[in-house]
Amino acid sequence: MSSWQPGKIGIIGSGSWGTALAKIVLEHEERINWYFRFGETVRQFKHSQHNPTYLTSQIFDTDRIDFFTDIPKIVAKSDTLILVTPSPYIKGTLDKAKPGSLQKKTILNAVKGIIPDNYVVISDYLSDQLQIPEEQIAVISGPTHAEEVALERLSYLTLACSNGKRAEQMSQIFNSDYTFCNVSTDVRGIELGSVLKNIYAIAAGVCQSLRMGDNFQAVLLSNAIKEMDYFLSEVTDAERNINDSVYLGDLLVTGYSRYSRNRTLGTLIGKGYSVMQAQDEMELTPEGYYGAKCIHVLLKKHRIELPIAQAVYDLLYKKENARETFEKLSLKLK
């Protein structure tokens, strides 16, 4: 097989993780394409040399960035596309591309979420709905908060593709002095694990607010990784080591870190905030909120029980009392 080359890389998404990935990619690539929704944001970026909204301390050489506010144009000008748009907006974003224009592209999913309403991971949506060959679809994940990438603290990623050779070749883009990129073929497992760890981080935040203690937090997360392992084994065929950093490591950092938006959501819910009040406080909706509903639907479909994931769903969508819900949950953990 001939060596794969990324060609021109385009990033679709301008949030904190998209900004962190742009920083990493520019360690290797001379130029990148980068999509922003609003022209005014681009103008501010060019003027100040940094993203005006996210990771504002990270300075970029904007002469090395070709900015786009038009999806068909960035698709046409890119060979490899990195998707970093929040999962609720992925469909709407990709629908703007010209029919058939994505089928020859390499697509790297960096979104830790499921497409709402379709209840499928993004790789399945790309292959089943957009007819993109599986060997052209990859996912990148791991215990990597954007804020620490910006500070160049050591971070570990995992890139997965059904074509193992392609995964090895693609991973080179994400190796740097402060990032290490492992490889895998477990595309769906990594995507689903990323969704679950956000849900479990919400649970960790709730427990923090309820002052249930570090001892219980440890039990909660050790049970969470067992839930994740069970679920992934039931719904996917790939072999994996659930203790690898892309599964267990990502769960731990999302459950414990002060940078975790999902943990913050749980903290607010535990304090008695409604979901709407928490959204207003945070000025965004973390992926775990949408993920909780999507996983709930998949659990019913596959007739699987995950007590922690179900407890989070009950809090967010059934508006159950946090303390009563977690006292009941505590009786199911080991």
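1. Buried means under 20% relative accessible area and exposed means over 50%, with partly exposed in between. The model discussed here is predicted. On that scale Tyr 156, at 37% relative accessibility, is partly exposed. Phe 180 has a relative accessible area of 35%, so this residue is partly exposed as well.

2. These two residues belong together. The structure holds 12 aromatic pairs. Tyr 156 and Phe 180 form one that is stacked, with 5.1 Å centre to centre and 20° between the planes. Tyr 156 sits in strand β9 (residues 155-161), and Phe 180 in strand β10 (residues 179-184). The pair therefore ties together parts that are 24 residues apart in sequence.

3. There is also an aromatic cluster. Its members are Trp 34, Phe 36, Phe 45, Phe 60 and Phe 67.

4. Now the cysteines. The count of disulfides is 0. A disulfide needs two cysteine sulfur atoms within 2.5 Å. For Cys 181, the closest cysteine sulfur is that of Cys 161, at 12 Å, which is too far for a bond. Cys 181 is buried, at 10% relative accessibility. Cys 294 is buried too, at 2%.

5. Helix α11 spans residues 261-270. Of its 10 residues, 8 are buried, so the helix is largely enclosed by the rest of the structure. The buried residues are Asn 262, Arg 263, Leu 265, Gly 266, Thr 267, Leu 268, Ile 269 and Gly 270.

Notes
Residues are numbered from 1 along each chain as its sequence is written. This is a predicted model: local features need pLDDT of at least 70, side-chain atom pairs count only at pLDDT 80 or more; totals for chains, interfaces and linings use all residues. Side-chain values use heavy atoms; hydrogens and water are left out. Buried means under 20% relative accessible area, exposed over 50%, partly exposed in between (1.4 Å probe, protein chains only). Helices (H or I, at least four residues) and strands (E, at least two) are DSSP runs, numbered from the N terminus. Rings of Phe, Tyr and Trp (its six-membered ring) pair if their centres lie within 6.5 Å; planes under 30 degrees apart count as stacked, over 60 as edge-to-face and the rest as tilted.
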